[in-house]
Amino acid sequence: MPKGSLQVAADQVEPTPFHIPGATGGTFRIQILNEKAASGVVTTIVHIPPGGRIPAHRHQAGSEMHFLLDGDLTEAGTPVATGTCLTHAAGVVHGPHASKGGARLLTVQSWQSQHGDFDFEPAEGEAEPEGEPEPGGGTDGETQPVDQQAQEQARAEAASPDQRGYS
């Protein structure tokens with residue numbers, strides 16, 4: 001392979017537990033296919049467990065794309081069909097992401113997290129779906145503060161030699 005290129009077979013990358021601040025409903029797992037921006041876009045497969053929910057959030061460092069490989073996904077209260085591509089520009093609130101039976105999402109980012117800092121800023125209450133608001137959302141559309149304890153825990157877990165989080 002030329003320098004700056006990378007080839008990875010997803011079935012040869014073992015999914016590992018992955019902490020997402022504010023996520024509920026079980027153990028989320030991730031397959032890291034590329035975590036080095038110098039080798040191209042940062043690419044992962046995120047496994048949402050049955051009953052899993054990731055709160056509405058934003059990433060300030062850059063855009064993000066999700067492609068629903070399989071399973072069921074609800075994005076901000078709207079069901080998403082398998083094979084759908086969702087793209088979010090930097091700073092745009094997206095989610096909550098939820099799955100009743102579990103889902104796998106190919107996720108591509110133009111940025112790389114550094115030292116366990118996931119550039120994950122919870123924003124419940126800012127991007128409510130039409131109709132009923134998600135449980136645990138903000139009141140009267142107010143932004144919820146970032147859970148600093150969850151961010152610190154995520155950083156510590158990612159920095160652990162036993163974990164394969166972003167580096």
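Strand β11 and its sheet

User: What makes β11 largely enclosed in this predicted model?
Analyst: Strand β11 covers residues 103-109, and five of its seven residues are buried, so the rest of the structure largely encloses it. Buried means under 20% relative accessible area.

User: How do you know that β3 and β11 pair?
Analyst: Pairing takes at least two bridges. Seven bridges join β3 to β11, so the two strands pair, and they run antiparallel. Within that pairing, T43 has V108 as its bridge partner in β11.

User: Why do β1 and β2 count as paired?
Analyst: Two bridges join β1 to β2 (residues 29-34), and at least two are needed, so they pair. T16 has I30 as its bridge partner in β2.

User: Why are β1 and β9 placed at the edges?
Analyst: The open sheet has six strands in the order β1-β2-β3-β11-β6-β9, with antiparallel pairing. β1 (16-17) and β9 (85-88) each have a single partner strand, so one side of each lacks a neighbour in the sheet.

User: Why is G40 called partly exposed?
Analyst: Its relative accessibility is 33%. Buried is under 20% and exposed over 50%, so G40 falls in between. G40 lies in the loop between β2 and β3 (42-48).

User: Which residues does G40 contact, leaving aside neighbours within four places in sequence?
Analyst: G40 is in contact with G4 and N34.

Conventions:
Residues numbered from 1 in each chain as written. Predicted model: local features only at pLDDT ≥ 70, side-chain atom pairs only at ≥ 80, totals over all residues. Heavy atoms only, no water. Helix = DSSP H or I, 4+ residues; strand = E, 2+ residues; numbered from the N terminus. Buried < 20%, exposed > 50% of the residue type's maximum accessible area, 1.4 Å probe, protein only. Contact = heavy atoms within 4.5 Å.
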